[in-house]
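Take a look at the structure below.

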Amino acid sequence: MNLSFPIFLAVGITRAAAKIGNYDAVDNQHNTIDEICAQANLPEYSKVAKLCKELGSNGLNMGMDETVFLRDGAPDKLASQKGPSFNMREILEAEDIEAAYNNIEAGNMMQTERKLVVDYGWCSSNAGFLAGISDDSSNYCDPSQDCDSSVGCGTTLSSCCITHDQCLNSGEGSISGSAWNPLTRCSEVNCKGSTCDTNLSSCAWNVSCCSFSFVSGSSCDFGCITASTAISGAFGVGTSLSPQSDFNTGGDDLDSVCSQ
């Protein structure tokens, strides 16, 4: 499953200026993350919209002033990383809320020397596949390939991309268990490419990138946030415009993986 992070990053950094004076407030205070996020007119798949989802009442249910740490990877890495921290008030009440988060994220990347233009598990950077003009260079269904990404292998988000590869194992482009390729990891199916893309967008958006533990407190994986929002935005543009919308258009979508 391939992504083009240089293209996708535009999804995460779309700016939506949000001034405190534009919000309805009680005694000049915004009491909950849900309230202020609802009035911020955030781009659908922006990074701050993802934080609102993760940290609001349907997620960790945090307060506006509670501390959240940024981490690079699994929660157990946080103790050694000592990444930067933030609270949602300083982001949501900033002059430019997307820029406020991006500045915090940039500080974390400098500290960890981590770059975001890299593969994330089975989700890799390949602009040609994104545009539907080249083969998948990170195809889970190809037994000659392994998950060699520096981050993301074994994560829920990577599993979304695996399912997308399985969903696209249809028609002429399928990899079947023939004599020359007996070790295939996928069955041949008959799913529309547009269906696979829609499912991937939803799966990626619903991945949890933030968590709480009594040891490290509340934290969010900034690489996961970037990849999640990028995938959701790029593959959720509509059934006629998504990257694989022209693939296997006559599929019947009856296989179980077509609805995962």
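The model is predicted: local features need pLDDT of at least 70, side-chain atom pairs count only at pLDDT 80 or more, and totals for chains, interfaces and linings use all residues. Residues are numbered from 1 along each chain as its sequence is written, and side-chain values use heavy atoms, with hydrogens and water left out.

**Aromatic pairs**

Start with the rings. The whole structure holds four aromatic pairs. Rings of Phe, Tyr and Trp (its six-membered ring) pair if their centres lie within 6.5 Å; planes under 30 degrees apart count as stacked, over 60 as edge-to-face and the rest as tilted. Two of the pairs are in the table.

| Pair | Centre to centre | Angle between planes | Type |
|---|---|---|---|
| Y45 and W205 | 5.2 Å | 80° | edge-to-face |
| F212 and F214 | 5.3 Å | 80° | edge-to-face |

Y45 lies in the loop between α2 (33–39) and α3 (47–55), while W205 is in helix α9 (residues 193–205), so this pair ties together parts 160 residues apart in sequence. Helices here are DSSP runs (H or I, at least four residues), numbered from the N terminus.

Are Y45 and W205 buried or exposed? Both are buried. Buried means under 20% relative accessible area, exposed over 50%, and partly exposed in between (1.4 Å probe, protein chains only). F212 is partly exposed at 48% relative accessibility. F214 is exposed at 83%.

K50 lies over the face of its ring, 5.4 Å from the ring centre. That label needs NZ of Lys or CZ of Arg within 6 Å of the ring centre and within 35 degrees of the ring normal.

**Two helices**

Helix α8 (residues 156–167) packs with α9 at about 170°, with the axes 9 Å apart. Axes are lines fitted to C-alpha atoms, for helices over the stretch in contact, and angles run from 0 to 180 degrees between N-to-C directions. So α8 is roughly antiparallel to α9 (an angle over 145 degrees).

**Two buried residues**

C186 is found in the loop between α8 and α9. C186 is buried, at 7% relative accessible area. Its C-alpha atom is 8.1 Å from that of Y140, 46 residues away along the chain.

S232 lies in helix α10 (residues 222–235). S232 is buried, at 0% relative accessible area. Leaving aside neighbours within four places in sequence, S232 is in contact (heavy atoms within 4.5 Å) with Y45, S201, A204 and W205.

How values were computed: Angles under 35 degrees count as roughly parallel, over 145 as roughly antiparallel, 65 to 115 as roughly perpendicular and the rest as oblique.
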